[in-house]
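Below is a short briefing on one protein model, arranged by topic. Please read it alongside the sequence and the coordinates.

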Amino acid sequence: MILVSPNTSQLIALFTFCTLGASAQSVATLANEPAVKEAFAIIQRNEPEMLREQQRICEIAAPPFQESVRAAELKRLFEQLGLSGVRIDKAGNVIGTRPGTNPRPNLVFAAHLDTVFPPGTDVHVTRTGDLMKGPGIGDDCRGLVVMVGVIRALNEAKINTQGTITFVADVGEEGLGDLRGMKELFGETLKGQIDAFISIDGLGASITNIGVGSYRYKVTFKGPGGHSYGSFGMANPIQAMGRAIAKIDQFEVPETPKTTFNVGRVGGGTSVNAIPFEAWMEVDMRSSDVKELDRLDQKFKAVINESVAEENKRWNNRGAVSASAELVGLRPAGQTAESSKIVQTALGVNQALGLTARLSEGSTDSNVPMNQGIPAITIGGGGSGSGAHSLNETFDGQDSWKGTQRALLLAISMAR
Ligand SMILES: [Zn+2]
């Protein structure tokens, strides 16, 4: 249910859905409500200003683990927009609430602050008409500004929802960040208080309902080491690692759900005439399916142990080798079923606005709630572009207001 109090009349419209989310038909009905139509018009009117805002936010650098300056700006905007309880949590996530009639259901709307670019990167954005170019301009400055645009439109159209919407500008979405913002949000800050989650990341009208998970390890093999001639007969960490790599190479993985593995970097040893005392390798394993990923993870750990045992047996345990695997990255896998209310509502929203999108898979903030069984999707923020994660990233703002309208309609449909 939402309460609408348009200034043009005393009309109070009540929309009641029996569960979280809405059918395509109810979404279409909702899209035709006067207050929602007014919010749509406001979004279209505000878009030129939002594009300038997108450029401005993006020119505040936000390297991995150094999002605090951009975070402070989002905090200022959340406060200015009248959100309540605006705060920054332990991880650095900026959180602000737009209370509904009831505290639950609580829908979280998020976009990430961080970029992949190191400190010192030139973050200046150039603009020709609606086309902007600069690192992070789409990923995820667009998501941040869509969030701002949705809050503004809800305020200006005086739309009150029955459920609560919590807005989050989060940290640590990109590679090295390892989803640390989401892990903190779902594990500590708002643990047990989130009923549905939508992140705005990427462009166009995309809907991501499958979260590809990954495990990343650095495995270190160690032994005493010695002279290649004088100490011959000693177990060899590099040769033990070679055994492991050969076994990993033989892994059979399903095509569907797509499951992958890769030994990406190796190192070790000190000299051609020395039995090394150390060798290391970095391994990446991915799957959209939690069980497949865990199965692969177990096989991986088993072959490390087997390889060490084989190497030690081969050399009668002389200068025995050992290995340890350090988890250096963990993005949990998960899915939100196509039949779920949140996915069906998002598809209904696209349909109501005449936008088409296939469901897709990705690795985003939604991985964390998906893994916990909390309904979650990631949606594009409208517009189009190219070159994400490169210095030549572009964002084309032509008709990009459609992305904000979509996010707004989805928010209202979900928050009832
Ligand atoms: Zn992103």
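**Overview**

The protein has 10 helices and 22 strands, where helices (H or I, at least four residues) and strands (E, at least two) are DSSP runs numbered from the N terminus. This is a predicted model, in which local features need pLDDT of at least 70 and side-chain atom pairs count only at pLDDT 80 or more, while totals for chains, interfaces and linings use all residues. Residues are numbered from 1 along each chain as its sequence is written.

**Overall dimensions and contacts**

- Along the principal axes, the C-alpha atoms occupy a box of roughly 95 × 45 × 35 Å.
- Of the 416 residues, 49% count as buried; a residue is buried if 20 or more other C-beta atoms lie within 10 Å of its own, exposed if 12 or fewer, and partly exposed in between, with C-beta atoms placed from the backbone.
- Residues at least 24 apart account for 79% of the contacts between residues at least 6 apart in sequence; two residues are in contact if their C-beta atoms, placed from the backbone, lie within 7 Å.

**Sheet 14-16-12-17**

- Four strands make an open sheet with the order 14-16-12-17 and antiparallel pairing; two strands pair if DSSP finds at least two bridges between them.
- At the edges are strand 14 (259-268) and strand 17 (322-331), each of which pairs on one side only.
- Neighbouring strands of this sheet are turned by 20 degrees against each other on average, direction ignored; axes are lines fitted to C-alpha atoms, for helices over the stretch in contact, and angles run from 0 to 180 degrees between N-to-C directions.
- Nine bridges join strand 14 to strand 16 (residues 278-287) in the antiparallel sense, and T259 stands opposite S287 in strand 16.
- Helix 6 (residues 237-249) packs on the sheet and touches strand 12 (213-222), strand 14, strand 16 and strand 17, with its direction at about 15 degrees to that of strand 16.
- Helix 7 (residues 290-314) also packs on the sheet, touching strand 12, strand 14, strand 16 and strand 17, and its direction makes about 160 degrees with that of strand 16.

**Helix 1 against helix 8**

- The axes of helix 1 (residues 24-31) and helix 8 (residues 341-352) come within 8 Å and cross at roughly 50 degrees.
- The two helices, helix 1 and helix 8, are therefore oblique to each other; angles under 35 degrees count as roughly parallel, over 145 as roughly antiparallel, 65 to 115 as roughly perpendicular and the rest as oblique.
- On the helix 1 side the contact involves A24, V27, A28 and A31, which meet T345, L347, G348, V349, Q351 and A352 in helix 8.
- The residues of this contact divide into seven nonpolar, three polar and no charged; Ala, Val, Leu, Ile, Met, Phe, Trp, Tyr, Cys and Pro count as nonpolar, Asp, Glu, Lys and Arg as charged, and the others, Gly among them, as polar.

- Another open sheet has four strands in the order 6-7-22-21, with antiparallel pairing.
- Its edge strands are strand 6 (126-128) and strand 21 (384-386), each pairing on one side only.
- Strand 21 pairs with strand 22 (residues 394-396) in the antiparallel sense over three bridges, and S384 stands opposite D396 in strand 22.
- D396 is partly exposed, with 17 other C-beta atoms within 10 Å.
- Leaving aside neighbours within four places in sequence, D396 is in contact with D130, L131, G383, S384 and G385.
- D396 and R127 are 269 residues apart in sequence and 9.7 Å apart in space, C-alpha to C-alpha.
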